[in-house]
Amino acid sequence: MHQPSMQKRIAIFGSTGSIGTQALDVIAANPTLFSAEILTAQQNEQLLIEQAKRFRPNMVVIGDPNKYTIVKEALDPLAIKVFAGVAALEEVAALDCYDQMLAAIVGYAGLRPTLAAIRNRKSIALANKETLVIAGDIVMQTAFENKVPIIPVDSEHSAIFQCLVGEVHNKIEKVILTASGGPFLGKKTNYLVNVKKEHALQHPNWSMGAKITIDSATLMNKGLEMIEARWLFNLKPSEIQVVIHPQSIIHSLVQFHDGSIKAQMSLPDMKLPIQYALAFPNRIGNQFPRYDFKSVRHLTFEDPDVKTFRNLALAMEALEKGGNLACVMNAANEIVVFAFLKNRINFLDMTTIIEKTMQRIPFIQHPTLEDYFESDAAARNFAADQINL
Ligand code: NAD
Ligand code: MG
């Protein structure tokens with residue numbers, strides 16, 4: 001029986017992206033459980049309009065104010081409220097009309113709306129790992145104070161989260177984050193110097209947005225994920241290990257203090273961790289293809305090559321030192337990835353510029369939120385100047 005009152009009302013921030021569109025697939029497949037209450041997009045007004053016509057949210061936000069009129073005219077007849085601009089994201093996140101935010105905006109832009117939702121006591125399904133990389137201490141403290149659960153969507157963190165269910169009082173010895181290794185696994189510097197964006201955008205196992213796909217090719221993604229894990233699960237840097245697992249079947253592992261290791265396995269499909277985060281603590285049946293031992297018979301593991309993929313070493317340094325260093329690194333990374341995607345710099349320049357930025361921006365051991373905002377801005381300016389030289 002249709003029970004609208006039992007539906008969880010989801011606010012998808014970043015509904016036109018890779019995570020956002022897959023989340024809408026999950027909602028479409030489970031209409032009695034979920035409704036899309038708020039949808040937001042930055043540029044793609046046509047897809048936002050199409051999504052709104054289909055899912056009939058209460059409201060939408062288009063980030064680019066120039067596109068307000070187009071969206072407004074298209075959705076007015078359906079009585080869907082339309083807002084535009086950066087500030088609207090935070091304002092809408094502070095409203096009461098939804099139950100859970102799916103934080104699926106990419107990069108720094110996701111931080112403020114997510115914080116607004118946490119202060120508004122809305123539970124968070126977190127895809128936007130940058131939020132925790134930039135200001136993980138403050139975000140987690142705010143979530144704790146407001147009694148807000150943060151449920152990871154990132155597949156590795158979802159795996160760890162799933163391994164921890166029922167283990168509340170049991171001590172974690174370490175978590176092991178798996179990494180596919182990306183398209184350049186096994187390659188060396190003399191190869192990487194020439195790679196083009198078209199090549200870097202071809203991920204072997206996952207289809208994702210452009211930024212995270214480049215981050216996967218440089219291994220920065222795994223560095224961001226180590227920092228994300230540090231905050232989500234309150235771990236020491238020494239308790240987080242990375243292992244390359246090219247088949248992407250084991251999504252991560254937890255080793256407990258008795259030496260027992262739990263792993264979560266499935267075919268690589270982001271719909272699974274998205275669905276898990278929306279439905280937690282329940283599991284929902286689905287028709288996603290299943291992993292079977294006949295299709296992938298060999299699961300292999302190797303150490304990451306941090307000498308070649310130096311972004312991972314830089315992220316480990318940021319993890320170890322703490323303070324505003326990860327925020328600075330993240331800002332520089334967003335600038336260089338964008339520049340690489342515009343063919344302005346080559347693959348290895350990305351690392352050089354991030355490293356320089358990390359050395360240049362003043363270190364702050366205990367930053368306030370304002371310090372994080374300022375460190376982000378300073379790092380962006382410095383990194384952008386390096387590109388324009
Ligand atoms: P994407 O580029 O496909 O989509 C990004 C979404 O954010 C779009 O809806 C876009 O309109 C919106 N957006 C972009 N810039 C914005 C801005 N300045 N202000 C407001 N909205 C903006 O990205 P994605 O691959 O879906 O990734 C989203 C987040 O999820 C990232 O933080 C990524 O690291 C994380 N994540 C993604 C995957 C994946 O499989 N795609 C897996 C794990 C984690
Ligand atoms: Mg991941």
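**Exercise 1. In which helix is the place of Ala-28?**

Solution. The model is predicted: local features need pLDDT of at least 70, side-chain atom pairs count only at pLDDT 80 or more, and totals for chains, interfaces and linings use all residues. Residues are numbered from 1 along each chain as its sequence is written, chains are lettered from A and ligands numbered from 1 in the order in which they are written, and side-chain values use heavy atoms, with hydrogens and water left out.

- Step 1. Find helix α1, residues 18-29; Ala-28 sits there. Helices (H or I, at least four residues) and strands (E, at least two) are DSSP runs, numbered from the N terminus.
- Step 2. Check the surface. Ala-28 is partly exposed, with a relative accessible area of 32%. Buried means under 20% relative accessible area, exposed over 50%, and partly exposed in between (1.4 Å probe, protein chains only).
- Step 3. Go to Arg-54. Ala-28 and Arg-54 are 26 residues apart in sequence, and their C-alpha atoms are 9.5 Å apart in space.

**Exercise 2. Work out which residues coordinate the magnesium ion (ligand 2).**

Solution. 

- Step 1. List the donors. They come from Asp-154 (OD), Glu-156 (OE) and Glu-225 (OE), at 2.1 to 2.2 Å. Donors are N, O and S atoms within 2.8 Å of the metal (3.2 Å for Na, K and Ca); water is not among the atoms, so sites may look incomplete.
- Step 2. Write the spacing. Along the chain, the donors of the magnesium ion follow D-x1-E-x68-E.
- Step 3. Are Asp-154 and Glu-225 buried or exposed? Asp-154 is buried, at 8% relative accessible area. Glu-225 is buried too, at 1%.

**Exercise 3. Describe the surroundings of ligand 1.**

Solution. 

- Step 1. Count the shell. There are 22 residues around ligand 1. A residue is near a molecule if one of its heavy atoms lies within 4 Å of it.
- Step 2. Name the closest. They are Thr-16, Ser-18, Gln-42, Glu-130 and Gly-209.
- Step 3. Sort the shell by class. It has 11 nonpolar, eight polar and three charged residues. Ala, Val, Leu, Ile, Met, Phe, Trp, Tyr, Cys and Pro count as nonpolar; Asp, Glu, Lys and Arg as charged; the others, Gly among them, as polar.
- Step 4. Assign the shell to domains. Domain 1 (8-152) and domain 2 (157-269 + 301-321) each supply at least three residues. These bounds come from an automatic or database domain assignment.
- Step 5. Look at the atom pairs. The side chain of Thr-16 places an N or O atom 2.8 Å from an oxygen atom of ligand 1. For Ser-18, a polar backbone atom is 2.9 Å from an oxygen atom of the ligand. For Gly-209, a backbone N or O atom lies 2.9 Å from a ligand oxygen.
- Step 6. Taken alone, ligand 1 exposes 820 Å², and the protein buries 85% of that. Accessible areas come from the Shrake-Rupley method with a 1.4 Å probe; for residues, only the protein chains shown count as cover.

**Exercise 4. Compare Asn-120 and Arg-121 in the loop between α5 and β6.**

Solution. 

- Step 1. Helix α5 spans 111-119 and strand β6 spans 123-126, with Asn-120 in the loop between them. Arg-121 lies in that loop between α5 and β6 as well.
- Step 2. Read the accessibilities. Asn-120 is buried, at 17%. Arg-121 is exposed, at 58%.
- Step 3. Follow the side chain of Asn-120. It reaches the backbone oxygen of Leu-95 at 2.6 Å.
- Step 4. Read the backbone of Arg-121. Its phi is positive, about 60 degrees, although Arg-121 is not a glycine.

How values were computed. A polar contact is a pair of N or O atoms within 3.5 Å; within protein, one must be able to donate a hydrogen and the other to accept it, and residues adjacent in sequence count only if both atoms are side-chain atoms.
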